[in-house]
Each structure stands twice: as C-alpha cells, then as structure tokens.
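Colleague: I am new to this structure. Could you take me through it step by step?

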Amino acid sequence: MLRIDLRLVRFLAVGLLVTLIDLGLTYLIDRLTGQRALAVTTGFAAGLAAGYLLHARISFAAPLAPTRQIPRLLVTVGINYLLTLGIVEACARLFGWPTLSGKLISLPVVALSSYFLSRKWIYA
C-alpha cells in the first residue's frame, strides 16, 4: 500500500500558497507602481518570509529559531538557485530547449530539495 507523507503534502500546499503570495504581490506592485525590480523584489521577499513562517508552523510543526533557521534557509535558497540554473543550462546546452522548459523541469527537483533540506536541516 502506498503511504503518503502528510508533511510532504502540507509542504507542497504551503509552497503553492507562498507562490501565490509572491506572484500576487509581484503583479499588484508592478501594476500599481510600474517598478518591475521593486515588484519582483517585494514579491520574492514576502514569499521567502511567508515560506519560512508557514513551513515552520504548518509543514513541520517546528518552533521558530530564527538565528539558527534563517541562515540555513538562505543556504537552501542558494542551493536551489544553483540547481535551477544548472538544470536550465543543461537543458539548453544538451537538448536546445528554451529557458522556460528547463525551468519547468527544475521545479520538482527544487521542490524535493527544499523539502528534504527543510525537514532534515532547517526545521529539524
């Protein structure tokens, strides 16, 4: 029988909510101000903060320990950025795929990386 890890399900649901926060704020600020860099930066920062808090509370039911967790979160973000960049570049060079195709391929890899690093290192 297939056993579903409820933490993973919660993690993915929170990730979807965080993505909506990021995209929603990015869209709203861009539309209101016309300042693309401000919109993207604000959306990313809000998504990162919401992700930290919501994953701690909902995904992993972990107490907040910002001095330990936030540096680990930032390292994880860096690792996932490099994974994304590497996958996008590999898809482009090996298969001639466009950037967005490589980005889409990277999403499940980055989600799993985020989940395991969060579970075993950030919120452990």
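Colleague: What share of the 124 residues of the protein count as buried?

Modeller: This is a predicted model, so local features need pLDDT of at least 70, side-chain atom pairs count only at pLDDT 80 or more, and totals for chains, interfaces and linings use all residues. Residues are numbered from 1 along each chain as its sequence is written, and side-chain values use heavy atoms, with hydrogens and water left out. Buried means under 20% relative accessible area, exposed over 50%, and partly exposed in between (1.4 Å probe, protein chains only). By that rule, the buried share of the 124 residues is 27%.

Colleague: In what order do the elements of the protein run from the N terminus on?

Modeller: Helices (H or I, at least four residues) and strands (E, at least two) are DSSP runs, numbered from the N terminus. The protein has four helices and zero strands. From the N terminus on, the order is α-α-α-α.

Colleague: How far apart are the end C-alpha atoms of helix 1?

Modeller: The expected span of a helix is 1.5 Å times one less than its number of residues. Helix 1 has 28 residues, so it should span 40 Å. The model agrees: the end C-alpha atoms are 40 Å apart.

Colleague: Which helices do the buried residues of helix 1 pack against?

Modeller: Start with the buried residues of helix 1: F11, V14, V18, T26 and I29. Contact means heavy atoms within 4.5 Å. The partners of these buried residues are helix 2 and helix 4.

Colleague: Which residues are linked in a network of salt bridges?

Modeller: A salt bridge is a side-chain nitrogen of Lys or Arg within 4 Å of a carboxyl oxygen of Asp or Glu. D5 meets R7 at 3.7 Å, N to O, and R119 at 3.5 Å. The network therefore links D5, R7 and R119.

Colleague: How many residues apart in sequence are the parts that D5 and R119 tie together?

Modeller: The side chains of D5 and R119 meet in a salt bridge. D5 lies in the segment before helix 1 (6-33), while R119 lies in helix 4 (residues 99-122). So the parts that the pair ties together are apart in sequence by 114 residues.

Colleague: Where do E89 and R93 both lie?

Modeller: Their side chains meet in a salt bridge of 2.5 Å, N to O. E89 is partly exposed at 36% relative accessibility, and R93 is exposed at 68%. They are four residues apart, about one turn, and both lie in helix 3 (residues 66-95).

Colleague: Is I4 buried or exposed?

Modeller: I4 sits in the segment before helix 1. Its relative accessible area is 56%. That value makes I4 exposed.
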